[in-house]
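Good morning, and thank you for coming. Please look at the sequence and the structure on the screen while I speak.

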Amino acid sequence: MSKFPADWNQESLKNFTTERTTGANFKPSEFTESGKEVIPKKGINENGILFIPNGNKAYVSNEIAKSYKKANIDGSFLVTVFRDLVPTGPSLGRIVKINSDKKYILAQGTGAFKTNSAIDTDYLIQFSNSDYFRREMGLITVGSTQVFVKGEDYYSVPIFYPSISEQKKIGKILTTVDRAILLAENEIDKLKNLKKGMMQDLFTKGIGHTQFKNSPIGKIPATWDAHIGKKFLILGGGPSPSSVNFKNHGDTLYIKVDDFNSDGNEDFIEKSFLSFDRNENDSINIYDKGTLVIAKRGAAILKNRVRQLTRKTSIDTNLMAITCKKYMSERFLKYYLELSRLDKLADTTSIPQINNPHLNEIFYPCPPKVEQEKIIRILDSAGVIIKEKLLRIRKLKNLKKGLMQDLLTGRVRVRV
């Protein structure tokens, strides 16, 4: 049990709520192109503000919305998640506010409630992200393929809180950091869209060309070639973890799909959870610095991530290594694969997969090496700016984590 200051109060969440409701189980045929917007589980995250990406927006007609009357809500409600994906259910129980005057309807797996004046909204939202509250969610979670919490269990979770004036101060401090993170994330999204537009132009028009020709991939500059993948690609795999003798601080990295998620590995692979010594694993495939690595199996393909090695590394069986014999720089190919999108190259009939023919049997633009290097420098420059923004977000998130541990436990008190 977490320790809180003696002058803090404890109440079940239900004692702060004045009205509660849950989402509707819509039939696929009930979704439309416009109408009342649906709040899905993906709209709820730790930023504290409802955000539904364009790719996840869904609607039902006003007539259908009326038939699910209890699921209709407005900006006076706070929204939460009662059902989420395994293994950890990252959004389960998190609380966000609706930061607009629009009216919505809740999808299945979500819930909403109004609060009374005894609890500050921003404080409660931040408290739902605290280590204590996340542990409580783990204790009341049930299910296997999907995890969920029962409404009565959720509203019975104890909330620890100081005076309303201290709540407001804590909520304001943490929300200010959230806004800075959200602003930086929005800037990154804009930069990524700008970079994508640059890539589209550079990989079709090149730099300064006025004459073009037809090719298997459409019109390309007259001085470019288009080569089929099997003419220059070298594709490889890696051993299963069970065949590797791992060692702490080994001289060679061993990477898995999860390593793509590590801070600092957004472009180049700088670190991994596993490593080994080469002299103790003679038969293991090892790839050199500069080699590209992609996911070749499962939902990870849909994230369209292409990473480049910075040192000698081996890879898991769910990854594919890519190097080039001639015609093309690995860095140039990295950008082209990101633009082409791995999910569009993959076989997605059942489990998404990228096999050798998916890359070997398609054509690629091949400018002269000098022009490839110019294109790489342009795109790398844009990437440096994005990387700086990512570093700022990382620092802000670390600041927020420290503040939460101090302020939401009462370890550090704020002056009112």
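His249 is found in the loop between S17 and S18; helices (H or I, at least four residues) and strands (E, at least two) are DSSP runs, numbered from the N terminus. The model is a predicted one, in which local features need pLDDT of at least 70 and side-chain atom pairs count only at pLDDT 80 or more, while totals for chains, interfaces and linings use all residues. Residues are numbered from 1 along each chain as its sequence is written, and side-chain values use heavy atoms, with hydrogens and water left out.

Is His249 buried or exposed? His249 counts as exposed because its relative accessibility is 80%. The terms are as follows: buried means under 20% relative accessible area, exposed over 50%, and partly exposed in between, with a 1.4 Å probe and protein chains only. The backbone of His249 also deserves attention, for its phi is near 60°, a positive value in a residue other than glycine. Most residues other than glycine have a negative phi. Arg341 likewise is not a glycine and has a positive phi, of about 70°. Arg341 sits in the loop between helix H6 (330-340) and helix H7 (342-345). With a relative accessible area of 28%, Arg341 is partly exposed.

Val244 lies in the loop between strand S17 (233-236) and strand S18 (252-255). Val244 counts as buried because its relative accessibility is 9%. Which residues does Val244 touch? Leaving out residues up to four places away in sequence, they are Pro239, Tyr254, Phe276, Asn281 and Ile284; contact here means heavy atoms within 4.5 Å. Val244 and Asn56 are 188 residues apart in sequence, and 40 Å separate them in space, C-alpha to C-alpha.

I turn now to the interior. A nonpolar core is a set of buried Ala, Val, Leu, Ile, Met, Phe, Trp, Tyr and Cys residues joined through side-chain atoms within 4.5 Å. The largest nonpolar core has 53 residues, of which Ile39, Ile73, Phe127 and Tyr154 touch the most other members. A second, separate core of 46 residues includes Leu235, Ile255, Ile315 and Leu319.

Beyond four places in sequence, the contacts of Ile39 include Ile73, Ile98, Leu106 and Thr110. Thr110 belongs to strand S11 (residues 110-115) and, at 1% relative accessibility, counts as buried. A polar atom of the Thr110 side chain lies 2.6 Å from the backbone oxygen of Ala107. Among the other residues that Thr110 touches, not counting those up to four places away, are Thr22, Pro40, Lys41 and Phe82.

Finally, the chain as a whole. The protein chain has nine helices and 25 strands. Its C-alpha trace spans about 70 × 55 × 40 Å along its principal axes. How many of the 416 residues count as buried? The share is 45%. Of the contacts between residues at least 6 apart in sequence, 77% join residues at least 24 apart.

Thank you; I am glad to take questions.

Notes
A polar contact is a pair of N or O atoms within 3.5 Å; within protein, one must be able to donate a hydrogen and the other to accept it, and residues adjacent in sequence count only if both atoms are side-chain atoms.
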